[in-house]
Amino acid sequence: MPETEDVRPMWTDEPFDVHAEDPFGRGTFVDTVVKRIQVASATDSSTVFGLVGPWGSGKTSILDRVRAGLADDWQIAEFTPWSSGDAASMSLEFVNTVADLLGEKAVGETRATLAGYAGFITPLLEAIPFVGGGVKGATEHALEAIASRPPWHKQFAELSKAIQSLEKRVLIVVDDVDRLGGSELLTLLRVIRLLGRFRGVHYLVAYDQDTVEDLLRSTGSVGRSAAFMEKIVQYPFETPPVPRAAVIRLLSGVIEELLAATGVRLDSYGLQRATNLVDVLSPQLRTPRALGRFREHLAAFANHVATARLDLLDYVAVTWLRLNAHGVWALLEPWHQELRSGGRQISTTKTEELTAADWEDRIALAHPQADRAGTLEVLSFLFEGVDVRGRRSFIAHPRAMNDPTYFGRYLLLAIPEDDVDDEPIRVVATEMDEVRFPQAAAELAVVIDGNDDALANLALNRLTSLRAEHKTPNLQLLEFLTARMKARAEEEDRVGSPRTGLREILSREVARCVLAGQTTASAVIEMLGEAEALNVVWMAPRSAEFRGRGGEIANGFARIWAERLKSDPSRYLADGRLGAVAELVTYSLEPGDTNGLLDQAITEYASFLELAKGFVYLKEWLGNGSTYELSFRAEPFMILISEAVREKYRSAVAEDAGELQYEIEDLPSRDVADEILRAFAVDSIYGLYS
């Protein structure tokens, strides 16, 4: 992957600069909160204001803007209770906050008062119960009983006097309340509601209502948690949602940033798809945190859009799925065929259509927290088979996630070094340009000839897929594939070897060129060598493209090999290919051309058995290692060696049959002793006589 300098600052979910333009249109809301807090005076009873909103809704940014908007006669401090683990620690944190407010005045007797107050309120925090969901009754009676004691009254009065001496209104800001555990939250509320209610000291508390209510219920100490919070917070301000227009504007800006960063240009269809995508995603991105997180993830991997040859808009959509409906994203691979086809296979012959309701049910099971309707819209944008109640958002385009060739790329966005550049594959598969083809072929050869079998197989799979769409015979490609096979000539066949994929596509290209008359059987044998030519000629008819044309493809090869068998079968005995050549010849040619073809090579029983051994072959079974099984090509043997010759040696075969005991199956290697090969050939021939 090419190295690029990342000039973007890291996204850290920090609040926005209070002096920067508000991108979410909340200025009016901030002004309202500021005006209401401004009414509180330095002589009023302590008041608790609440900033209420879900996680990620921008509460901290709003807090900062509220602080910046308050008049200069406010003394503002931060109280961070979530850094405290117990009542004692929270007591100390609270008095430290008060000390920060007092500044230089928190010295001498005042400092001693603060220390005493911290020590006094710790047992108070642990002693005061919250029963029945209110702050009346037992709670306040307990407080009154303790507060009537002279030490408490004296310390509270002294601290109140010190705070009043500031001659400023005091606001204590408490953010991230929903980070606390249930017991810590109760302790905080005791501080705010009962022990920190100094006159002129006001609180602005930010929290998520649902989370806080869940935390309170988990303690078992309160009744109706919503009513409980109403007692604590006198003025709750609900954080407004981000306006839809602002989301559309910001999301459009994110896509424009990506276009600039990746150098991608959109045609008219691309612009239409971009508009559709913004319409699909904008209702799903409801908070500043969601927008910021989404933008950061898109930017972090944007360079892979080019290096991995992805479609930019599909990249945006699937990134949203990964972040917001991860359970659905994790199931895209097993769902892929159904996402593309829109149907579910219910039997070998019957398919049932998947409706929008079916997909929503699947989404709910895969990711219960996901917005079902919104997630369905995203799937409809990405895949042609997903229908959103009669409306399909998918528009066909190159390099789509809908395309099986590219699908896996979108699941591996972060690791393009484990992928293959499609451009040289495309050129090799579809072009015959004398300049572009050699350049692309050289790049692709590095991958296919390399040591990484996975990458080589990936490249071959994509090349095979493209050639399924572009079937024009191409001698350049045939020569390229032949060179790749020769580069791996010394390798043994094994599971995962690129030789398997190479042989498959090579067989198709041989068949195309032979059938089109662009090459001949003799030229192919010369190019590949007899052994590999034999392999690819056998493989070609297995493809649906050449079904029923196997004889036509193999005919020229069979005639060459029939002539060579007749004139000198020993050449095939020596390298162990006699049986395979014999099978191809008898399969491809008429009986009149093959009957008794090997008769003239048999002069005595020894030569008869020598040829018979050539029809013995080993079936290979792959699993936990490889095992082999002895087999005999009986039909070619009976065609190429006439009945008259076979009858001539019948008695000799009968006499030798059964002399040697040996294993036929589960042989550990290809190395089989010659006497076993001979005995197996004799026993196989003897079986033909019966």
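**A methionine in the interior**

Modeller: M401 has a relative accessibility of 0%, so it counts as buried (under 20% relative accessible area, with exposed meaning over 50% and partly exposed in between, for a 1.4 Å probe and protein chains only). This is a predicted model, in which local features need pLDDT of at least 70 and side-chain atom pairs count only at pLDDT 80 or more, while totals for chains, interfaces and linings use all residues. Residues are numbered from 1 along each chain as its sequence is written, and side-chain values use heavy atoms, with hydrogens and water left out.

M401 itself sits in the loop that runs between α18 (372–382) and α19 (404–411); helices here are DSSP runs of H or I with at least four residues, strands are runs of E with at least two, and both are numbered from the N terminus. Leaving aside residues up to four places away in sequence, M401 is in contact (heavy atoms within 4.5 Å) with D314, V318, L332 and H336, with L382 and F383, and with F407, Y410 and L411.

When contacts between residues at least 6 apart in sequence are considered, 74% of them join residues at least 24 apart.

The aromatic rings give a further view, elsewhere in the chain. The structure contains 13 aromatic pairs, a pair being rings of Phe, Tyr or Trp (its six-membered ring) with centres within 6.5 Å, called stacked if the planes are under 30 degrees apart, edge-to-face if over 60 and tilted otherwise. One of them joins Y662 and F680, whose ring centres are 6.4 Å apart and whose planes meet at 85 degrees, so this pair is edge-to-face. It connects distant parts of the chain, since Y662 belongs to the loop between α34 (650–656) and α35 (674–689) while F680, 18 residues away, belongs to helix α35. F680 has a relative accessibility of 8% and therefore counts as buried. Ring pairs also link Y605, F608, F615, F632, F637 and Y649 into a cluster.

The charged end of R36 is placed over the ring of Y235, 4.2 Å from its centre, and R362 lies over the face of W359, 4.9 Å from the ring centre.

Notes. A charge sits over a ring if NZ of Lys or CZ of Arg is within 6 Å of the ring centre and within 35 degrees of the ring normal.
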